[in-house]
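Subject: A structure for you to look at

Hi,

Here is the structure I promised to pass on. Have a look at it first, then read my notes below with the viewer open.

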Amino acid sequence: SVTEIRSGFTAIKANIQARDPIRTLSILSYPHSLHRVKSSDRCCITHHLFNFYVDKVFKHCKTEDSYVNRKISSIANSFLSVKRKLGQCHEQNKCMCGQESAKKFKQILVNYEGLNVTSAAIKSLGELDILLDWMEKSR
Amino acid sequence: EDALLPAPQNISILSTNMKHFLTWSPVIVQGETVRYSVEFQGEYEREYANESWIPICECSLITATVCNITDDISATVAYNLRVRADVGVGRSEWGTLEGFFNRITTSLTPPLMKVIADGYHLLVELEDMGPAFQFCVLYWKKGQESRMQRKVVKEVSSVVHLDAMEAGPDYCVKAQTYVEAINRSSSFSQTQCVRAQGGRSVWL
């Protein structure tokens, strides 16, 4: 559940964000923060972002710290569980993707691919609270 | 390193109220202390991270034959678990849990509950079972089961106020737990009834 993702992330947030030296860039917030997403596009953006984290981010976040790795595993497995539910919504056409969400998600991928994969993955993981805050505000 | 030791056997999970423990039979080596190490693998690791395994450091080279895996089983997905034994330089193969473990199968017990008549106020004290637990409390005037009332308690504070009571009739209460993460409830507790009598708690 999102609550468990939040508590898992909170436990390692400082550690992960300390590993991200590039302060002037953002994966999720540049140029417009997620908060400028129309409500009709929210489900689709969330679905895309959960796929993004599961497919691209977590696997490149391995650290030398066993505790951090266990928490990343917890978050990744919780993401997988939520991703599955979002996938069901998508299949039942309850999660329509408009041009707006496609454009926004494409920008996120451009931001991500603008960095080397490890830096991009660690930065994305460090920005998880941006995603979680946005999801909770849009509930 | 040849595997000199047999792998741990009878590996199983004890899971009650979202607390999960891995247990196994001891590996016996006369005159030696055998130590064990545990690793887990979630569905994410199997499908997206090259089937990698993650060690549980609290259960690395331990002599006990039980490991609390609650903190690592933190998603409602299928987990694999394995244990191996070490003695000196000898090391066994991994013994792996038969089948997966998903926390959705945890057994949920009814909550411990204490019903209190504080004057004309009907109160209930509920056991604190951790942040994953909510409670559904049902209460009614004895004989008027059809007019049962329901209160959902999301966070356990010390005492929960249910209702104001009239003097005379008995008031009955029962409760069950609900775990949102797995969308399951326990069975109901035993019913407890009390009666208001001018400010003195009375048990029936």
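**A residue to start with: E100(A)**

Leaving out neighbours within four places in sequence, E100(A) is in contact with R36(A), K38(A) and D41(A), where contact means heavy atoms within 4.5 Å. You will find E100(A) in helix α4 of chain A, residues 99-113; helices (H or I, at least four residues) and strands (E, at least two) are DSSP runs, numbered from the N terminus. E100(A) counts as partly exposed, at 27% relative accessibility. On that scale, buried means under 20% relative accessible area, exposed over 50%, and partly exposed in between (1.4 Å probe, protein chains only). The C-alpha atoms of E100(A) and T46(A) are 13 Å apart, and the two residues are separated by 54 residues along the chain.

Before going on, some housekeeping. This is a predicted model, so local features need pLDDT of at least 70 and side-chain atom pairs count only at pLDDT 80 or more, while totals for chains, interfaces and linings use all residues. Residues are numbered from 1 along each chain as its sequence is written, chains are lettered from A and ligands numbered from 1 in the order in which they are written, and side-chain values use heavy atoms, with hydrogens and water left out.

**Where the two chains meet**

How many residues does each chain bring to the contact? Chain B brings 21 residues and chain A brings 17 residues. The size of an interface is often given as the accessible area lost when the parts come together. Here the area buried between chain B and chain A is about 1,600 Å², with 45% of that coming from carbon and sulfur atoms; buried area is the accessible area (1.4 Å probe) that two parts lose on being put together, summed over both. In chain B, the residues that lose the most area to chain A are Y44(B), Y48(B) and S74(B), together 38% of what that side buries.

There are 12 residue pairs in polar contact between chain B and chain A, both residues being at pLDDT 80 or more. (A polar contact is a pair of N or O atoms within 3.5 Å; within protein, one must be able to donate a hydrogen and the other to accept it, and residues adjacent in sequence count only if both atoms are side-chain atoms.) On the side of chain B that touches chain A, α1 (43-48) and β4 (54-55) of chain B each supply at least two residues. The element that gives the most to that side is α1(B), with five residues.

**Salt bridges**

Side chains of opposite charge can pair when their charged atoms come close. A salt bridge is a side-chain nitrogen of Lys or Arg within 4 Å of a carboxyl oxygen of Asp or Glu, and by this rule there are 16 salt bridges over all chains. Five salt bridges lie between chain B and chain A. One of them joins E43(B) to R84(A), with the closest N and O atoms 2.8 Å apart.

R103(B) also forms a salt bridge with E4(A), where the closest N and O atoms are 2.7 Å apart. This pair crosses between chains, from R103(B) in the loop between β8 (95-96) and β9 (113-118) of chain B to E4(A) in helix α1 (residues 2-18) of chain A. Is R103(B) buried or exposed? R103(B) counts as buried, at 2% relative accessibility, whereas E4(A) is partly exposed at 23%.

Within chain B, K142(B) and D170(B) meet in a salt bridge (4.0 Å, N to O). K142(B) lies in the loop between β11 (133-141) and β12 (149-153) of chain B and D170(B) in strand β14 of chain B, so the pair ties together parts that are 28 residues apart in sequence. K142(B) is partly exposed at 49% relative accessibility, and D170(B) is buried at 13%.

**Aromatic rings**

Over all chains, the structure has 11 aromatic pairs. Rings of Phe, Tyr and Trp (its six-membered ring) pair if their centres lie within 6.5 Å; planes under 30 degrees apart count as stacked, over 60 as edge-to-face and the rest as tilted. F52(A) and Y53(A) form an edge-to-face pair, 5.3 Å centre to centre with 80 degrees between the planes, and both residues are buried. Ring pairs link a cluster whose members include F52(A), Y53(A), Y44(B) and Y48(B).
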